[in-house]
Amino acid sequence: MATTFVMVKPDGVRRGLVGEVIRRMEQKGLRLKAMKLLQVSPELAAQHYAEHQDKPFYPELIAFITSGPSVPMVWEGREAVTVARTIMGATDPVKALPGTLRGDYGLAITENIVHGSDSDASAEREIGLYFAPHELV
Ligand code: GTP
Ligand code: MG
């Protein structure tokens with residue numbers, strides 16, 4: 001069964017949207033396999049967002065993702081990567097459609113509430129960054 005990595009970002013935790021993210025994923029039929037609350041370290045943030053290290057927005061992205069507690073999770077289900085990203089909506093909340101998390105709750109591109117893996121390979125890599133194998137239930 002496919003799995004994906006989803007993380008409620010610090011703005012989502014600050015705004016009390018953890019339950020809303022979980023509710024929408026559960027309601028769709030995805031199954032929760034792992035979850036924790038942690039403050040992402042600069043080292044972990046650099047590993048997570050390595051693909052963006054040369055982008056102009058990288059410093060802002062790292063400062064934001066390390067700014068407070070996040071809630072990383074693993075979700076399982078058919079086409080989990082695609083389904084989770086559909087629930088999240090487009091990266092830029094201005095373009096995210098109503099009915100998606102970013103479309104309903106966001107307006108800023110950096111503070112966009114939630115992260116979701118963009119491929120099966122990314123999901124495997126990101127799950128490995130945040131969880132030990134024995135933490136997947
Ligand atoms: P994540 O789930 O967070 O990985 O978002 P994504 O996969 O929808 O987008 P991407 O991986 O391309 O970018 C990672 C994060 O960098 C995004 O969530 C945004 O917060 C930020 N970002 C991406 N593109 C831009 C941009 O053009 N400008 C700014 N300021 N931030 C951006
Ligand atoms: Mg991404």
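**The pocket and its surroundings**

The largest pocket is lined by 20 residues, and Lys9, Tyr49, His52, Thr91 and Asn112 are those that lie nearest its centre. The elements that each give two or more residues to this lining are α4 (58-65), α5 (80-88) and β5, where helices (H or I, at least four residues) and strands (E, at least two) are DSSP runs numbered from the N terminus. A pocket here is defined on a 1 Å grid over the protein atoms alone, as an open set of points where a 1.4 Å probe fits, with protein on both sides within 12 Å along at least five of seven lines, and a lining residue has an atom within 4 Å of a point. The volume of the largest pocket is about 400 Å³, a volume being the space filled by probe spheres set on the grid points, which are joined across faces, edges and corners.

By class, five nonpolar, eight polar and seven charged residues make up the lining of the largest pocket; Ala, Val, Leu, Ile, Met, Phe, Trp, Tyr, Cys and Pro count as nonpolar, Asp, Glu, Lys and Arg as charged, and the others, Gly among them, as polar.

This is a predicted model, in which local features need pLDDT of at least 70 and side-chain atom pairs count only at pLDDT 80 or more, while totals for chains, interfaces and linings use all residues. Residues are numbered from 1 along each chain as its sequence is written, chains are lettered from A and ligands numbered from 1 in the order in which they are written, and side-chain values use heavy atoms, with hydrogens and water left out.

His52, one of the residues nearest the pocket centre, is found in the loop between α3 and α4. His52 counts as buried because its relative accessible area is 16%, and buried means under 20%, exposed over 50% and partly exposed in between (1.4 Å probe, protein chains only). Leaving aside neighbours within four places in sequence, His52 is in contact (heavy atoms within 4.5 Å) with Phe57, Tyr58 and Leu61.

Beyond its neighbours within four places in sequence, His115 has contacts with Phe5, Val6, Met7, Lys9, His48, Tyr49, Met88, Arg102 and Glu126.

The strand beside β5 comes next. β1 and β5 pair in the antiparallel sense over three bridges, two strands being paired if DSSP finds at least two bridges between them, and Val8 has Val114 in β5 as its bridge partner. Strand β1 (residues 3-8) is mostly covered, since five of its six residues are buried. Six bridges also join β1 to strand β4 (residues 69-76), and these two run antiparallel, with Thr4 opposite Trp75 in β4.

Helix α2 (residues 18-28) has Glu20, Val21, Ile22, Arg24 and Met25 buried, and what covers these residues includes β1, β4, α5 and β5.
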